[in-house]
Amino acid sequence: MTPRLHVLLARDANIGVVIRRGPSKEVASILWNRTNDTFALGQWLKGRIYERRSDLSPDGQHLIYFAMNGHWSSHAKGAWTAISIAPYLKAVALYAKGDCWHGGGLFLDNKTYWLNDGYGHTLLEQTTRVHRAAPTAMRAQYGGECMGVYLPRLMRDGWQMRDTEQERDAYALDKPLWHGWILRKYARAQVGPPPGKGVYFDEHVLLHLERDLLVPVAWEWADVDRGRLVWSDDGALWAGSITRASAATDQPLAATTKLHDFSAMKFEALRAPYTAVPAVPKKPKKPRRD
């Protein structure tokens, strides 16, 4: 089975976190060093990470994510929002949710995050590494589920909302490329999606508006990384560029390179190299009186 890939890119550091899903109830987090395109496994989770309700801090140091494993009587109530040290999943701050309404959040800066609280979380573990912003720090515009976190993240990171295409059940967002080309992302929410897709999925096309040219691409995820285009397809991450010469053709991508194939990965039980901070410091014991 080909895994699904979604990537979170740090805005101020050459770091990314790849969220690899497959089989459906197993997901891995992987560190991407974008300076030399090397990859290092963080941790696996037996459950689901809602990648569109997740975010990476600008410096690439912390990850916020919403997850569900369905163990509703557990400490985290079966669904939770966590802050971890990227690329690991072990929480340094943990909020039990108990359902899949809302959840996740966004980083406002390196030390502050907004929690997509909705119907409420229960704080289980706290940290001084990062701090929660006031609920009013973000204004809900696209509902409380995936689009309510995903679309603000995209627009924060340079995507320009074009319009809402109701007939496609999609939001269309553009990111300028080079030599007149544009990357368009259709962020879709669809009941009864095509085979191999979830309710939320993206489609992409390359556009040259002056030439009235549209090039469909079968990419699951795509974005701009400095002077190159990066995307996921068929369980792998790829990179390519648009040169002045290639931009004049009907197939604008040049120097296409496969960065890494994640297809062969299998679940491993791994520990994070750190421990979580207790939610409340333990009170000192009272001296005994004999």
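K77 is located in the loop between strand 7 (62-68) and strand 8, where strands are DSSP runs of E spanning at least two residues, numbered from the N terminus. The phi angle of K77 is near 65°, a positive value in a residue other than glycine. With a relative accessibility of 35%, K77 counts as partly exposed; this class lies between buried (under 20% relative accessible area) and exposed (over 50%), as computed with a 1.4 Å probe on protein chains only.

The model is predicted, so that local features need pLDDT of at least 70 and side-chain atom pairs count only at pLDDT 80 or more, whereas totals for chains, interfaces and linings use all residues. Residues are numbered from 1 along each chain as its sequence is written, and side-chain values use heavy atoms, with hydrogens and water left out.

A positive phi also occurs at H179, another residue other than glycine, with a value near 55°. H179 is placed in the loop between strand 15 (170-176) and strand 16 (181-189). The relative accessible area of H179 is 36%, and the residue is therefore partly exposed.

Most residues other than glycine have a negative phi, and most peptide bonds are trans. P23 belongs to the loop between strand 2 (15-21) and strand 3 (27-33). The peptide bond from A86 to P87 is likewise cis, and its omega is near 10°. P87 is situated in the loop between strand 8 (79-85) and strand 9 (91-96).

Terms used:
Helices (H or I, at least four residues) and strands (E, at least two) are DSSP runs, numbered from the N terminus.
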